[in-house]
Every structure is written in C-alpha cells, then in structure tokens.
Amino acid sequence: MINLTGMQKFLNIMTIWLLSIAAFCSCSDIDDPDYGDPTDKTVIINGTVSEINSRQPIEGVKIAFTAYSRDGRTGQPVSSINAYTDSRGAFKLKAEKIGTAGTCTLVSEHPEYSGVEKEIIINWTGPSYNPESRIFYINDCDFHLESKR
C-alpha cells in the first residue's frame, strides 16, 4: 500500500510536470512580436507638411523622429533621425532596429512656421505592423503648420 501511495504521488507530480511543459510549449513564440532579435524591427513613416490655412505644401521642414522604449520618455531614446520635406511637402522616415520602442514623437521644425509635435504609440501586434517584414507602417502622418508672420 505504501508503494502505491508513493507511485500515486510520483504520477501526480509527473502529470503536473507534463501539463506545465505542454502549456509552455503551446505558447508559440512565432506569433510573438519579439520573436528573434527584438531590436530587428523598422518603423516607416510617410507624410506631408502644409500651411494650415492654404494647405499649400511647405518645402524644407525638418521632421525630427525620436523613438522611446516601452517605458516612455523616461530613458534614453532608442532611435533618433531626421528627414526634410521636398517641394511637394512630402517626407519619409525609416528608423531601423528599434524593436524595443513603445512610443515615438515627430516634431516639425521650420524658422517661418510654428512647430507641431505628434506622439505615436507603436503597437507591435496591431494592424500597422507586418510581422513578416518586421515593419511598422505609419502613412498619412500629415502636419499643418501656422506661419509665424
């Protein structure tokens, strides 16, 4: 009888252990946005800059991009790059290797226009993220600036 109780304890422990392993293995890392190198992700932002009233494009506006970790703006930026608008007021930013980012800011800068800041939450599991290409797309990120004159 003692051996049977010992055997029951052993079987109970083995069952719990096997169920734990099965539960752990069923949580596939393939669907996890941090699968692989967590920093090997890219953000691509397309947008335009125009004058607020006339909607005319503004050339030469600096768009400063800064990405922060998931903790917010408390630590060092994960990435920081700039782009400038062309004659159509269009800009494109491509920030690579920022997979740990949770938020980013875009700030417009031009000596003749007031600056605008936009904050974007990066959701690595949302519809703007393509897990195959590991790219988070932001399209139509438009700025409408007011003249300082």
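**Salt bridges up close**

**View 1. Lys62 and Glu109 pair up through their side chains in a salt bridge, N to O at 3.7 Å.** A salt bridge here is a side-chain nitrogen of Lys or Arg within 4 Å of a carboxyl oxygen of Asp or Glu. This pair ties together distant parts of the chain: Lys62 sits in strand β2 (residues 62–69) and Glu109 in strand β5 (residues 101–109), 47 residues apart. Strands are DSSP runs (E, at least two residues), numbered from the N terminus. Lys62 is partly exposed at 21% relative accessibility, and Glu109 is partly exposed too, at 38%. Partly exposed falls between buried (under 20% relative accessible area) and exposed (over 50%), using a 1.4 Å probe and protein chains only.

This is a predicted model, where local features need pLDDT of at least 70, side-chain atom pairs count only at pLDDT 80 or more, and totals for chains, interfaces and linings use all residues. Residues are numbered from 1 along each chain as its sequence is written, and side-chain values use heavy atoms, with hydrogens and water left out.

**View 2. Arg88 makes a salt bridge with Asp86, with 3.1 Å between the closest N and O atoms.** Arg88 is exposed, at 59% relative accessibility, while Asp86 is partly exposed at 28%.

**View 3. Lys94 and Glu96 join their side chains in a salt bridge of 3.9 Å, N to O.** Lys94 counts as partly exposed, with a relative accessible area of 48%. Searching the whole structure turns up five salt bridges. Side chains of opposite charge can pair when their charged atoms come close.

Technical notes: Helix = DSSP H or I, 4+ residues; strand = E, 2+ residues; numbered from the N terminus.
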